[in-house]
Amino acid sequence: MPDAVVIGAGPNGLVAANLLVDAGWSVEVLEAQGEPGGAVRSDRGVHPDYVSDLFSAFYPLAAASPVLARLDLAAEGLRWSHAPVVVAHPLLDGRCAVLERRVEETAAGLAGFAAADGQAWQDLYKVWRQVGPDLLRSLFTPFPPVRAGLRLAAKLRAAGGLRLARNLALPVRRLGEEEFAGEGGRLLLAGNALHADLAPEASGSGGFGWLMSMLGQSHGFPVPVGGSGALTTALVNRLRSRGGVLRCGERVTSVVVRGGRAVGVRTAGGDAVGARRAVLADTSAPVLYRELVGEEHLPSRLLRDLERFQWDFSTFKVDWALTGPVPWTAPQAAGAGTVHVADGVDGLTRFAAQIAMGQVPDEPFVLFGQMTTADPSRSPAGTESAWAYTHLPQHITSDAGPDGITGRWRVREQEAMADRVEAQVERFAPGFRALIGARRILAPTTLQAMDENLHNGAINNGTTALHQQAVFRPTPGTGRPETPVDGLYLASAAAHPGGGVHGAPGANAARAALRSRAVRTLAHRAQRV
């Protein structure tokens with residue numbers, strides 16, 4: 001019997017397992033899919049000569065994560081690669097907002113939109129350099145982040161205090177209007193905010209757009225050399241080299257609870273796997289509580305709160321094997337790993353409004369990845385391994401476009417939506433479709449079938465909106481990984497601090513389990529005395 005069972009071999013589950021084995025625990029990780037990684041996997045399924053990332057692809061949060069840094073995954077062979085340009089947001093008139101690797105170059109480009117905007121970007125980055133490291137430590141620390149929070153509070157006072165806090169709470173449209181006279185800086189902030197399910201008019205979207213933009217400026221949007229699966233391979237190799245056990249194709253169907261304590265799990269194959277000390281779940285909160293634990297073991301207030309749990313936007317993704325580089329009208333976009341495709345901030349607002357109304361957007365905001373540009377090992381020279389995803393409503397009520405998409409995602413609807421994404425790219429890169437050698441469509445239902453945490457294509461395990469963050473994540477409470485069941489910990493992005501590949505939810509759950517065990521041991525010793 002292992003000391004701990006970890007349900008799910010996504011990045012958070014693997015981080016948790018690694019930290020537990022580092023502490024001397026025996027750990028068994030059970031993964032439902034046939035391979036580990038969760039939403040961090042790659043394959044050659046589009047074309048045998050092209051490596052495609054199935055889900056996540058760029059990793060600014062991983063690059064900045066102190067959790068992953070402490071695991072020293074470079075010792076397991078993990079290497080990172082960067083595109084020449086971090087992010088580009090082209091416009092139909094040929095102009096392009098560009099987030100360069102060097103802040104001076106980003107500022108120079110934004111000054112082309114409005115003379116003062118270069119200095120405005122440098123001012124935002126100066127604030128980031130003052131507060132960014134402590135802000136990240138606070139985000140990636142179990143809640144409440146006492147020591148990191150005290151350091152951050154001191155830095156916030158020096159960086160503007162309440163005025164900075166106000167800026168972070170602003171909608172990203174308003175933040176952009178206050179900081180920049182021209183369109184370039186506004187585009188970079190708003191496009192980065194829309195990586196999550198935050199409309200340009202949503203409170204807090206300014207803070208998230210600033211965070212992602214500054215991470216891009218300080219750390220880039222790096223990719224693992226050889227595909228996102230290389231990150232998973234490094235985590236798995238580290239775990240196994242330290243005695244951890246990983247079993248794939250083992251679906252957990254229930255958490256065994258006795259006397260109010262989690263003592264193990266049962267699998268779909270009928271196996272009972274005991275856990276001497278803890279069970280950690282890299283699963284969604286609704287699945288953990290409603291399906292694996294069961295309502296009879298949970299307080300009624302939690303069950304009522306789960307009825308208000310909000311998923312983030314659904315996701316529709318297309319992968320391509322391109323026979324040549326993308327012919328962007330704006331040439332600066334050619335060197336970018338990530339390209340935001342939308343007709344300005346107004347286009348982003350229109351897109352988000354359609355989703356809010358339950359409509360499939362007619363002109364989707366497309367996040368476009370040029371993976372060979374970021375990592376030349378992904379496809380033959382002169383070609384491009386590319387992908388794009390766009391957001392959709394969780395519950396579709398109508399189609400703002402002409403195709404009558406309902407969300408049933410039969411083949412006709414999948415093809416129509418993929419064509420719509422391609423048409424949007426074609427507007428900004430005429431001739432793009434002629435370069436498509438092969439494509440693969442990953443509809444929301446497909447994404448969920450490949451990773452059950454991606455509920456109907458939700459990639460962040462719950463909304464990023466303020467009402468479901470910190471002490472409100474996943475439901476109102478402490479913001480910590482402990483659950484009402486003793487010895488059971490929520491170790492997924494459903495827990496604070498949420499989505500993104502940084503390992504913090506898994507690390508927080510592991511630390512909570514270790515601390516609980518230490519407290520229990522001290523209590524036993526005190527009783528003996």
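Author: Contact means heavy atoms within 4.5 Å. Helices (H or I, at least four residues) and strands (E, at least two) are DSSP runs, numbered from the N terminus. This is a predicted model, in which local features need pLDDT of at least 70 and side-chain atom pairs count only at pLDDT 80 or more, while totals for chains, interfaces and linings use all residues. Residues are numbered from 1 along each chain as its sequence is written, and side-chain values use heavy atoms, with hydrogens and water left out.

Reader: Fine. Which residues of helix 8 meet helix 9?

Author: On the helix 8 side they are Val172, Leu175, Gly176 and Glu177, and they meet Arg186, Leu189, Ala190 and Ala193 of helix 9. By class, the residues of this contact are 5 nonpolar, 1 polar and 2 charged. Here Ala, Val, Leu, Ile, Met, Phe, Trp, Tyr, Cys and Pro count as nonpolar, Asp, Glu, Lys and Arg as charged, and the others, Gly among them, as polar.

Reader: And at what angle do the axes of helix 8 and helix 9 cross?

Author: Roughly 160°, and the axes of helix 8 (residues 172–179) and helix 9 (residues 183–193) come within 9 Å. Axes are lines fitted to C-alpha atoms, for helices over the stretch in contact, and angles run from 0 to 180 degrees between N-to-C directions. Helix 8 is therefore roughly antiparallel to helix 9; the cut-offs are under 35 degrees for roughly parallel, over 145 for roughly antiparallel, 65 to 115 for roughly perpendicular, and oblique for the rest.

Reader: What about helix 9 and helix 10, how do their axes cross?

Author: At roughly 100°, with the axes of helix 9 and helix 10 (residues 205–219) coming within 7 Å. So helix 9 is roughly perpendicular to helix 10. Helix 9 contributes Leu188, Leu189, Asn192 and Ala193 to the contact, and helix 10 contributes Ser205, Phe208, Gly209, Trp210, Met212 and Ser213. That contact has 6 nonpolar, 4 polar and no charged residues.

Reader: Change of topic. Is Gln424 buried or exposed?

Author: Gln424 is buried, at a relative accessible area of 3%. Buried means under 20% relative accessible area, exposed over 50%, and partly exposed in between (1.4 Å probe, protein chains only). Gln424 lies in helix 16 (residues 411–428).

Reader: What does Gln424 touch?

Author: Leaving out residues up to four places away in sequence, Gln424 touches Val341, Ala342, Glu363, Pro364 and Val366.

Reader: And the chain overall, how many helices and strands?

Author: There are 18 helices and 21 strands. Of the 529 residues, 60% count as buried.
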